[in-house]
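This briefing concerns the protein shown below.

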Amino acid sequence: MKTEKYEFYHQSNLIQIGNLIDDLHSVHVHLLMLQRRYYRIYGKYASFSRICGHLTKLKQRTKPHWNQLPSQVIQQVAKRIHLGYEKFFDNIKDRKAGLTKRKVGRPKIKPRHKYNSLTFTQAGFKIEGNRLTINCIKKSFTFWKHRDWTGTIKTVTLKRDNVGDYYLYLSCEDCEPSEKLPLTGNVAGADFGCKTFLTLSDGTKIASPEFYKQGLKAIRSANKALSRKQKGSNAWYRAKRHLTRVHKKIANKRRDYFFKLALRLVRKYDTLAIETLNLEGMKRLWGRKISDIAFGEFALILQWTCAKYGKTFLKAGRWEATTKPCSDCGHHNENLTLQDRQWVCPECGSHHDRDINAAINILQAGVPA
C-alpha cells in the first residue's frame with residue numbers, strides 16, 4: 001500500500017466538502033451515543049455488523065436525510081468507532097497480561113471543529129485527470145496533481161486542516177516499486193542530542209535549524225493579536241486562523257527539512273541505526289526544545305525513506321546502554337556525567353567524544369526495525 005497526498009486548489013465550492021464533513025459529524029455523535037446506551041442496557045458493545053444493520057433502519061425511520069450521504073462513507077464512520085473499541089479492549093487485555101503499561105481510552109465524541117475527514121472506499125466518487133467528482137453533491141473539484149499515482153486506488157480520503165485547506169489522499173495497492181539507490185558500502189549509527197541534532201558514528205555532526213525558535217517572534221505577535229480580539233467575533237476568528245497558519249508554516253518547514261535530510265543520509269549510507277528514546281520523559285525535562293527538534297517525526301521519515309530506496313534501517317532498544325560503554329573494549333564508565341563531553345576509557349585508554357562513542361554503540365546494538 002502507498003498513499004499519495006494532493007492539495008485542492010482554492011475554489012468557491014470547497015465549502016460543500018466542509019458541509020459534507022460536518023453532516024458526517026452528526027453521524028459520528030449519534031453512533032457513539034448509541035454505543036453508550038447499548039452498553040448501559042446490555043453491558044456490552046454493539047458489533048460493527050449490528051451497527052450497520054441499525055444504520056439501515058435509521059435511514060428508513062428517524063434519519064431519512066442520511067440517505068443523501070454516501071452509504072459507504074457512513075459505514076466508514078461506524079468502522080472508525082469499531083476499530084477504536086477494538087484497540088480499547090485489546091489494550092485492556094495487554095495491560096492485564098503485563099505486556100504494556102500504555103493506556104488506551106475508549107473512543108470519545110469529537111467536537112465539530114476536530115472532525116475533519118471522510119473516506120470513500122469503492123464508489124461515490126470519480127477521478128479524471130486532476131478532477132475529483134463527488135456523486136452525492138454532483139460537484140467536481142480540482143486538485144494539484146504534482147505527481148502521478150500507480151496501482152489500484154482502494155480508498156479516497158478528503159481531509160480539512162485547521163487553516164481550512166483541503167487535501168486529497170489516495171491509498172493505492174500493487175504500486176510500482178521505487179527505484180533502489182546504488183549501494184555505497186557505508187554504515188552509520190546516529191545519536192540524538194539537544195545541542196547537536198544528530199551525531200553520526202563517522203564523526204559527522206548535524207545541527208537542528210530549530211524552526212519553532214526561529215518563528216517564535218511571529219507566534220508571539222499572532223498570539224498578541226488574538227488576545228486583543230473579542231472571543232467569538234469575526235476578527236477573533238480571523239486572528240485565530242492567522243495564528244494557525246503561522247504554526248502550519250513552521251511545521252511544513254520542519255517536515256521539508258526532515259525529508260531532505262533523510263534522503264541525503266540514505267544516499268550516503270547503506271545502513272542507518274538510531275536509538276529508541278522516551279521522548280515524553282525528555283519533554284518533561286527539557287520542554288519546548290524537544291518538541292521543536294521533533295526527533296520522533298524524523299525517525300519515522302527516515303524509516304520510510306530507507307524502506308522506499310532499499311536501505312537497511314536499525315533501531316537500538318530503549319534500555320540498551322549506549323553512552324557509558326566504551327565502543328572499543330566495552331568497559332562501562334559509571335562515573336560519566338552529562339557535563340562530560342570528552343572522556344578517556346580507564347580500561348583501554350581510548351579517547352572518546354561522548355556523542356560519537358554513543359553513535360558507534362547504537363550501530364553495534366541496532367536490530368532491524
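Which residues does Tyr166 touch, not counting residues up to four places away in sequence? In this predicted model, Tyr166 touches Glu7, Phe8, Leu14, Ile17, Gly18, Ile21, Lys159 and Arg160. The residue belongs to strand S7, and its relative accessibility is 8%. Tyr166 therefore counts as buried, the value being under 20%.

**Overall form**

- The protein contains 10 helices and 15 strands.
- Along the principal axes, the C-alpha atoms fill a box of roughly 80 × 50 × 45 Å.
- Of the 369 residues, 41% count as buried.
- Among contacts with a separation of 6 or more, 67% are between residues 24 or more positions apart.
- The accessible surface amounts to about 21900 Å², and carbon and sulfur atoms account for 50% of this area.
- There are 68 positive and 31 negative side chains in the protein. The centres of these two sets are separated by 13 Å.

**The largest pocket**

- The volume of the largest pocket is about 1200 Å³.
- Its lining comprises 28 residues. Those nearest the centre of the pocket are Lys5, His146, Arg147, Arg255 and Phe259.
- At least two lining residues come from each of strand S1 (2-7), strand S7 (166-173), helix H6 (234-268) and helix H9 (295-309).
- Helix H6 provides the largest share of this lining, with 9 residues.

**The cavity**

- Rolling a probe the size of a water molecule over the atoms shows where empty space is left.
- The structure holds 1 cavity of 30 Å³ or more, and the volume of the largest cavity is about 60 Å³.
- The residues lining the largest cavity are Leu31, Gln35, Ala46, Ser47, Phe48, Ile51, Ala78, Ile81 and His82.
- Helix H1 (15-42), helix H2 and helix H3 (71-96) are the elements that give two or more residues to this lining.
- The most lining residues, 3, are given by H3.

**Residues with positive phi**

- Most residues other than glycine have a negative phi.
- Lys138, although not a glycine, has a positive phi of about 55 degrees. The loop between strand S4 (131-134) and strand S5 (139-142) contains Lys138.
- With a relative accessible area of 73%, Lys138 is exposed, because the value is over 50%.
- Glu210 is likewise not a glycine and has a positive phi, of about 50 degrees. Its place is in the loop between strand S10 (205-206) and helix H4 (211-214).
- The relative accessibility of Glu210 is 14%, so this residue counts as buried.

- Asn13 is found in the loop between S1 and H1.
- Leaving aside neighbours within four places in sequence, Asn13 is in contact with Lys139, Ser140 and Phe141.

**Partly exposed helix residues**

- Thr56 lies in helix H2, which spans residues 48-60.
- Its relative accessible area is 42%, so Thr56 is partly exposed.
- Thr56 and Ser71 are 15 residues apart along the chain, and their C-alpha atoms are separated by 9.4 Å.
- Gln303 is located in helix H9.
- Gln303 has a relative accessibility of 29% and therefore counts as partly exposed, a class that lies between 20% and 50%.
- The C-alpha atoms of Gln303 and Thr3 are 16 Å apart, although the two residues are 300 residues apart along the chain.

**A further distance for Tyr166**

- Tyr166 and Lys249 are 83 residues apart in sequence. Their C-alpha atoms are 16 Å apart in space.

How values were computed. Residues numbered from 1 in each chain as written. Predicted model: local features only at pLDDT ≥ 70, side-chain atom pairs only at ≥ 80, totals over all residues. Heavy atoms only, no water. Helix = DSSP H or I, 4+ residues; strand = E, 2+ residues; numbered from the N terminus. Buried < 20%, exposed > 50% of the residue type's maximum accessible area, 1.4 Å probe, protein only. Contact = heavy atoms within 4.5 Å. Areas by Shrake-Rupley, 256 points an atom, 1.4 Å probe, with all protein chains shown as cover. Lys, Arg positive; Asp, Glu negative; His and termini not counted. Charge placed at Lys NZ, Arg CZ, Asp CG, Glu CD. 1 Å grid on protein atoms, 1.4 Å probe; cavity = no way out; pocket = protein on both sides within 12 Å on 5 of 7 lines; lining within 4 Å. Points joined across faces, edges and corners; volume = space filled by probe spheres on them.
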